[in-house]
Amino acid sequence: MSEQAEIGVIGGSGFYSFLDDVTEITVETPYGPPSDSLFLGETGGRRVAFLPRHGRGHHLPPHRINYRANLWALRSVGVRQVLGPCAVGGLRPKYGPGTLVVPDQLVDRTKGRTQSYFDGEPLPDGTVPPVIHATFADPYCETGRDAALRAARGRAWEAVDGGTMCVIEGPRFSTRAESRWHAAQGWDVVGMTGHPEAVLARELGLCYASLALVTDLDAGAETGDGVSHEEVLRVFGENIARLRDVLFDAVRHLPASDARACHCDAALGGQDTGFALP
Ligand SMILES: [Zn+2]
């Protein structure tokens, strides 16, 4: 039981380091190793698996993260609902540093990331997955979004309900022209890790919701020197404690995995995956 969890949180050590009785386990997947060990703990009577997205010490840049292994590893220990906190830039002046956005849409502007388990490549055991097209019109779990919004409200941190997250390849930040273009499309925040995390969760039938913490105004929305990595880390650090509080409250608001009323686990529409999910 200590090696099982029902809820996954993809985020760094700042979220779990103070929990008692954290169990560290190593998980192998058919897609190679995940970003790091899983750290399993308990909060509010719920079993949670934490996975540092960038690895401990933050050594993996966004485009080198093994997103497939990360989601697979979480599912393999029993996780069925995932919360994905991440740092983003605000594309609107009103979404300044410290704003929490719970997006309801995303736009994928990444390049060259493997974003499907059904990519035609044989698995190590020789199994060739079939061609499958996941339903992804609404990329986030509404139940997970509700849990995050309720949790933030309960901590007097009114989160932005909805909005579009643009996910860029990185690791560089946007030029001013790119940033202005993103804003002109009506998109709200820009990040580097929210995808393909979201679609891979969907392909595995996992609920997924993002909690996007604005750490800076993106280049096109501010008049200074542009975004710096130091600024992002500083603002994230300043907000880590209250983001952790919101995450843990959101975990408590999530339903039991077998009582989910959403349709996240039906995204493949009954199509045969060709392999057994963990
Ligand atoms: Zn769901």
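Colleague: Leaving aside its neighbours within four places in sequence, which residues is Ala148 in contact with?

Modeller: Bear in mind that this is a predicted model. In it, Ala148 contacts Leu83, Val102, Ala159, Ala209, Leu211 and Ala250, once neighbours within four places in sequence are left out.

Colleague: And which residues have the most contacts inside the largest nonpolar core?

Modeller: Val101 and Ala148 do, in a core of 74 residues. Strand E11, residues 207-217, gives the most to this core, with eight residues.

Colleague: Switching to helices. At what angle do H2 and H5 pack?

Modeller: About 130°, and their axes are 8 Å apart. H2 covers residues 142-154 and H5 covers residues 229-253.

Colleague: Right-handed or left-handed crossing?

Modeller: H2 passes H5 in a right-handed crossing.

Colleague: Which residues make the contact?

Modeller: On H2 they are Ala147, Ala148, Arg150, Ala151, Ala152 and Gly154. H5 brings Val246, Asp249, Ala250 and His253. Ala148 and Ala250 turn up in that list, and Ala250 is also one of the contacts I gave you for Ala148.

Colleague: New topic, Cys166. Where is Cys166 found?

Modeller: In strand E9, which is residues 164-168.

Colleague: Buried or exposed?

Modeller: Cys166 is buried, because there are 29 other C-beta atoms within 10 Å and the cut-off is 20 or more.

Colleague: What does Cys166 touch, not counting residues up to four places away in sequence?

Modeller: Val107, Arg109, His182, Trp187 and Val190. Val107 is 59 residues from Cys166 along the chain, yet their C-alpha atoms are separated by 4.7 Å.

Colleague: Back to the whole chain. How much of the contact set comes from residues 24 or more positions apart?

Modeller: 81% of the contacts with a separation of 6 or more.

Colleague: How many helices and strands are there?

Modeller: Five helices and eleven strands. Buried residues make up 43% of the 278 residues.

Colleague: Last one: how does the radius of gyration sit against a compact globule?

Modeller: A compact globule of 278 residues would be near 19 Å, and the chain has 18 Å, so the two agree. Along its principal axes, the C-alpha trace spans about 55 × 40 × 35 Å.

Notes: Residues numbered from 1 in each chain as written. Predicted model: local features only at pLDDT ≥ 70, side-chain atom pairs only at ≥ 80, totals over all residues. Helix = DSSP H or I, 4+ residues; strand = E, 2+ residues; numbered from the N terminus. Rg over C-alpha atoms; globule rule 2.2 N^0.38 Å. Buried ≥ 20, exposed ≤ 12 C-beta atoms within 10 Å, placed from the backbone. Contact = placed C-beta atoms within 7 Å. Core = buried A, V, L, I, M, F, W, Y, C linked by C-beta atoms within 7 Å. Axes fitted to C-alpha atoms, helices over the stretch in contact; angles between N-to-C directions. Left-handed = near helix turned anticlockwise from the far one by under 90°.
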